[in-house]
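Please open the model in your viewer and keep the selection panel at hand. The tour below goes from stop to stop, saying what to select next and what is there.

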Amino acid sequence: MAVLKLFGAWPSPYVFRVIWALKLKGIPYEYIEEDLSNKSPLLLQYNPIHKKVPVLVHDGKPICESTVILRYIDEIWPQNPLLPTDPHERAVALFWIKFADDKSPFISKLYRTDGEEQQVAAKECFEMLEAVEGHALVGGKKFFGGDEINMVDIAFCSVAHWLGVIEGFTGLKIFEPHKFPRLNSWIQNFKSVPVIKDNLPDTDKMSAVLKRRREMLLASKSS
Amino acid sequence: MAGELVLLDFWPSPFGMRSRIALAEKGIPYEYREEDLRNKSDLLLQMNPVHKKIPVLIHNGKPVCESVIQVQYIDEVWHDKAPLIPSDPYQRAVARFWVDFVDKKIYDLGSKIWKTKGEEQANAKKEFIECLKLLEGELGDKTYFGGESLGYVDVALVPFYTWFYAYEKCGDFSIEAECPKMIAWVKRCMQKESVAKSLPEQEKVYEFVLQLKKLFGIE
């Protein structure tokens, strides 16, 4: 049997993307938790360029970058496909996945920065929500993937779960249900999917960890 | 399968050049439409409402946005000629990783080289060369990143060569001196008609950069 290892670090949304894809397809794997302040020699060997998680190692061969990993998983294990088969529909899905990838770092910046930098991040997040509300969820779809979740839904996970937690302890208010009704429905639907619901990081724990990280980052900036 | 194909583009855009090369490699006829970015056409705004950017590939009236997605789309739809993306899933993942690396690093660092001065420019030059060296490492002894034929990474990276002269003049350094293997690879790519006819002259791009510097008040 093929050996599959996933190097991750709680509560990275990019790692959760990969966990959900593996569980949706029923693929067994070994999970290795990394301490990002003390990265293992193995992680550095498997991802020398970026030195980041997630890294998927399949039969000793590493795959890095969460979206690259998701596409690899979808191609090797085609059950419960995560992308449309029609080339144009797939191009549209990939567009939104790239959009999510380009914009998600601003969600992290909300807790990693303050002052003007944080304001810029908040503006980028708001514009991202506007674009998704106005262009990606038209047509009354339950999920970006239609009746079932697909890679686009997974890619927007930071909007569904991480944003709310970060808003909570930073006091920012970017997502408001009445301003983004389609997104609001999508978030409820996405978090009700059993594989997602059973594998979401605990909000209180996450809040405590990210809040502590924020304090350390801002303290080291001013020192 | 062929149908109507339009590429909305802007001549110095390295992103637009990627799609031009992919279409040329496969010998696919298409209509090239030059956009004036200070006066974007209604068609562009309609076809790419989220970003309002070029390039946009319009196939039978349906838009494909983002150059890396266009190259993948072109490769999928016209799969019988000159395949660009590896057929092996692991090699495909490696190619996607490096295209992502090019996208994350090369354009932004290059922009910093011509837009900034002093320490910021020096740091950008240093990191730019480091990135090119990493790419040289990935190329190894291969003819192209794709092996014996042009591949996904080649198509994604070679357009930035047209901006190297501008980077060198603005940054006062020689890319060939630091990364001779990279320049040797570029020269091999330029021997291919699909690449040579899709790329503008470096001097023309440098003139364009000088105009931009004037426009933005950058010395």
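Which residues of chain A does the UniProt annotation "domain: GST C-terminal" cover? According to that record, an unreviewed entry, the annotation covers residues 86-209 of chain A; UniProt positions are given here in the numbering of this model, feature names are shortened, and annotations may be inferred rather than shown by experiment.

Before going on, note that this is a predicted model, in which local features need pLDDT of at least 70 and side-chain atom pairs count only at pLDDT 80 or more, while totals for chains, interfaces and linings use all residues. Residues are numbered from 1 along each chain as its sequence is written, chains are lettered from A and ligands numbered from 1 in the order in which they are written, and side-chain values use heavy atoms, with hydrogens and water left out.

Select residues 86-209 of chain A, where the chain is 73% helix and 0% strand, with the end C-alpha atoms 42 Å apart. Helices (H or I, at least four residues) and strands (E, at least two) are DSSP runs, numbered from the N terminus.

Next, select P87(A), R90(A), A91(A), L94(A), I69(B), Q72(B), Y73(B) and E76(B), which line the largest cavity. The elements that give two or more residues to this lining are α4 (87-112) of chain A and α3 (67-77) of chain B. The volume of the largest cavity is about 30 Å³. On a 1 Å grid over the protein atoms alone, a cavity is a set of points where a 1.4 Å probe fits but cannot get out, whereas a pocket is an open set with protein on both sides within 12 Å along at least five of seven lines; lining residues have an atom within 4 Å of a point. Grid points are joined across faces, edges and corners, and a volume is the space filled by probe spheres set on the points.

The second largest pocket has a volume of about 480 Å³. To find it, select V92(A), A93(A), F95(A), W96(A) and H135(A), which are the closest to its centre among the 24 residues of its lining. The largest share of that lining, seven residues, comes from α4(A).

Now move to chain B and select D9(B), which lies in strand β1 (residues 5-9). Is D9(B) buried or exposed? D9(B) is buried, because its relative accessible area is 0%, and buried means under 20%, exposed over 50% and partly exposed in between (1.4 Å probe, protein chains only). The side chain of D9(B) makes a polar contact with that of R20(B) at 2.7 Å; such a contact is a pair of N or O atoms within 3.5 Å, where within protein one must be able to donate a hydrogen and the other to accept it, and residues adjacent in sequence count only if both atoms are side-chain atoms.

R18(B) counts as buried because its relative accessibility is 1%, and its side chain reaches the backbone oxygen of A156(B) at 3.0 Å.

The last stops concern the backbone. Most residues other than glycine have a negative phi, and most peptide bonds are trans. Select W10(A) and P11(A), which are joined by a cis peptide bond with omega about 0°; P11(A) is in the loop between β1 (4-8) and α1 (13-24) of chain A. Finally, select E66(B), which is not a glycine and yet has a positive phi of about 80°, and which is placed in the loop between β4 and α3 of chain B.
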